Amino acid sequence: MAVEMWRDGEAWLKNDKIRMNTGSNEACKLYDCALTQLVTWRELEQYGGLEGTLGSMLAADPDFFLGHVLKAGVELVGNSGTPITVSDTLASLKRLRAKRTLTKHEQLHYEAMVDVCSGEVRRACDTWERILAATPTDLMALRFATDIYFYMGAQAQMRDSVARVLPVWSVSRPLHSY
C-alpha cells in the first residue's frame, strides 16, 4: 500500500467534512493510514506499524493537532502498550492548543482527551457523541467512543453510537465494514 492511496487534506474535507488544519498532505495521508491500522487491528509494517506511522505523521507536521489527538487516543484509550503519562499527554495537547486557535471540531476532540486524562470517560463519550452528531463520519471519534463504551461494559451505548451514524456511511466509504 503506497502512501498515495491514503486520503489527503482535500479528500478528508470533501468526503468527511473534516478540516485537517495542516499544510502537510503527507501528515493527512499518514493520519488515514494510522487510523486504518487502529480500526482494522492490523499493523502495516511498511509504515513501521501503528507506532511508526504516528511518528512519521507527526514528523511531517509536528503541530498537526488532530494527529496529536489520534496519538493521545491510541495511547490513552486504545491502550497501545506504549509507556505514557497522562500529565505529559495533557501538557502536550495544551501546548499545541496555545499555539493557535482550534476549529470547533478540534476543540471538541481536545475536550474529550482532557476528560479522558482526568478520568471523566463518560463525559468524553458525551463529547465524542456531539462530534458524531455534527460529523457522523469521524471515525476517530466513533472508535474512541466505542472503545470506552466497551471498557465500561456499556453495550447499549456502543450499539446505539454505531447505529446513529451508520445511515450516512455508504458501503463505498473507506472502512465501512469496520
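Phe 65 and Tyr 110 are both buried, where buried means under 20% relative accessible area, exposed over 50% and partly exposed in between, with a 1.4 Å probe and protein chains only. This is a predicted model, in which local features need pLDDT of at least 70 and side-chain atom pairs count only at pLDDT 80 or more, while totals for chains, interfaces and linings use all residues. Residues are numbered from 1 along each chain as its sequence is written, and side-chain values use heavy atoms, with hydrogens and water left out.

**Aromatic pairs**

Rings of Phe, Tyr and Trp (its six-membered ring) pair if their centres lie within 6.5 Å; planes under 30 degrees apart count as stacked, over 60 as edge-to-face and the rest as tilted. The count by this rule is 6 aromatic pairs. Two of the pairs are tabulated here.

| Pair | Centre distance | Plane angle | Class |
|---|---|---|---|
| Phe 65 and Tyr 110 | 6.3 Å | 50 degrees | tilted |
| Phe 150 and Tyr 151 | 5.9 Å | 65 degrees | edge-to-face |

Phe 65 belongs to helix α4 and Tyr 110 to helix α6, so their pair ties together parts that are 45 residues apart in sequence. Helices (H or I, at least four residues) are DSSP runs, numbered from the N terminus. Phe 150 is exposed at 54% relative accessible area, and Tyr 151 is partly exposed at 48%. Trp 12, Tyr 31 and Phe 64 are linked into a cluster by ring pairs.

**Charges over rings**

A charge sits over a ring if NZ of Lys or CZ of Arg is within 6 Å of the ring centre and within 35 degrees of the ring normal. The charged end of Arg 7 sits over the ring of Trp 12, 3.9 Å from its centre. Arg 173 lies over the face of Trp 169, 5.5 Å from the ring centre.

**Nonpolar core**

A nonpolar core is a set of buried Ala, Val, Leu, Ile, Met, Phe, Trp, Tyr and Cys residues joined through side-chain atoms within 4.5 Å. The largest has 55 residues, and Tyr 31, Leu 35, Leu 70, Met 113 and Trp 128 have the most contacts inside it. Elements giving two or more residues to this core include α2 (25–40), α4 (65–76) and α6 (104–117). The most comes from α2, with 9 residues. Leaving aside neighbours within four places in sequence, Leu 35 is in contact (heavy atoms within 4.5 Å) with Trp 12, Leu 70, Leu 139 and Met 140.

**Ser 24**

Ser 24 lies in the loop between α1 (9–16) and α2 and is buried, with a relative accessible area of 13%. The side chain of Ser 24 reaches the backbone nitrogen of Ala 27 at 3.0 Å. Beyond its neighbours within four places in sequence, Ser 24 is in contact with Ala 60 and Asp 61.

How values were computed:
Polar contact = N/O pair within 3.5 Å; in protein donor to acceptor, adjacent residues only side chain to side chain.
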